[in-house]
Amino acid sequence: MCAKVRMNCEMDVISQFIITLHLINDCHNAMIATIKILWSSLKMAAQELRMNKLRTFLSLLGITIGIFCIITVFTATNSLENNIRKGMEALGSDVIFIQKWPWDGGPDMPWWKFVNRPQPKYKELHSIMEKTHTVEYSAFAFSSGNKRIDYKSESMEGVEFLPVTADYIKIQSLKIIGGRFFAGKENDGANVAILGGNIWDGLFGSPEAALGKVIRVAGRPVKVIGVLKKKGAGMDAINYDNTVMVPYAFGRTVVDERVYGDPFIIVKAKPDVSVKEMKDELTGAMRAIRRLRPTEEDDFSLNEITSIAQNLESVFTKVNLGGVVIAMFALIVGGFGIANIMFVTVKERTNIIGLKKAIGARKKVILMEFLLEAIMLCLVGGGLGLLLVYLVTIVINSTGVFPVALTFKNIMVGLSVSTVVGIIAGFIPAYSASKLDPVVAIRST
């Protein structure tokens, strides 16, 4: 009796296994058949693209322009944001600039409140170090533009003249690729200089050739003891690539910073000291140095990088939003173009649709067939738009003005948007194709 029950159980298991194998085989065959139909549809779609080039081009134009607009805006803003963030890192998140004018003024800034403020003075530098405990390094500097540099028969106009004190190099992220920074008694007024990238490249061609040469800055001879690595465009208030840096004690004999310069004091916080803590202490120290009464407003600005970052976030958001709005109009036009070409395609293939349904093609297969074709059309348009963006980035990067990169994220955004537009634009034509009666479709002309 037990053997008979065991045999029946084994037969049931074998039967279930055979049924499962049949089901798997049927699913496999159905999947292969579906893939074949879809592959045939994709080949037919590609053939339609080749046969109706003008119609396809006009239909894809809206998608191409839309993807080009939206990805161009995203690429430009992302590249700009990355460059600005790198520049802010170079300036230092733990650095404060003591200046006459604030950085966050904007077009509505009450300039009359700041125009009569006193400029920062060199003597205030020592007082700051005496009155503060959060500052690790401090430096005084001033910039004066539009200077002329001469070396033998070569000359350069419009150069930035930047006298600085000894600790400036410890605060700013400047890389010396040849020579050295000012040292020892050179800071007391030696006529030595450090050249920015554009200067040594324009006058000497290489950093090595510039070292040890004597040039004339605003008519005064100076010896080149160091050269800076090229930085490119960034967040720096001073274009270091176009700068000649000299010791402050020498620079003040060439230019009067009270009249022709833009002086500032730059300070760096000690480790584990927050910028807010240093800023609060600097406010009290500067008010004490300038002997301001409690009722008087500050006559100085403490500028920090974080304030710029906060303002830029809203700017980038608005620019991206504007790009999306512009692109949406082009994508809507492109979507109507895709929908139109798909309706025409369904009309042209009515007989073929009827034959496919007559031999067993399901509605979802027909639906998927035309949806894939619409998606393919949009992906072609999106790919062309991305190609145009890539070509634009190559042209911009070749100029060396502003580094731009088409990121993988933006490529995926472009392809995803193209796919979504293809699904939306192709659904109604695809659905109408799937609902066709096979007999009526075959008889249609």
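Which residue lies over the face of W200?

**Close-up 1. K230 lies over the face of W200.** Welcome to this predicted model! Start at the ring of W200 and look for K230, which is placed 5.7 Å from the ring centre.

**Close-up 2. F140 and Y248 form an edge-to-face pair.** A search of the whole structure turns up 9 aromatic pairs. In the one formed by F140 and Y248, the centres are 5.1 Å apart and the planes make an angle of 75 degrees. The pair counts as edge-to-face because that label applies to planes over 60 degrees apart. To find the partners, look for F140 in strand 2 (residues 135-151) and Y248 in helix 7 (residues 248-254). They are 108 residues apart, so this pair links distant parts of the chain. Both F140 and Y248 are buried.

**Close-up 3. Y151 and F204 form a tilted pair.** Here the ring centres are 4.7 Å apart and the planes meet at 55 degrees, so the pair is tilted. Y151 belongs to strand 2, while F204 sits in the loop between helix 5 (197-203) and helix 6 (207-210). The pair therefore ties together parts that are 53 residues apart in sequence. Are these two residues buried or exposed? Y151 counts as buried, at 13% relative accessibility, and F204 is buried too, with a relative accessible area of 15%.

**Close-up 4. Ring pairs build a cluster.**

Technical notes. Residues numbered from 1 in each chain as written. Predicted model: local features only at pLDDT ≥ 70, side-chain atom pairs only at ≥ 80, totals over all residues. Heavy atoms only, no water. Phe/Tyr/Trp six-rings, centres within 6.5 Å; stacked < 30°, edge-to-face > 60°. Helix = DSSP H or I, 4+ residues; strand = E, 2+ residues; numbered from the N terminus. Buried < 20%, exposed > 50% of the residue type's maximum accessible area, 1.4 Å probe, protein only. Lys NZ or Arg CZ within 6 Å of the ring centre and 35° of its normal.
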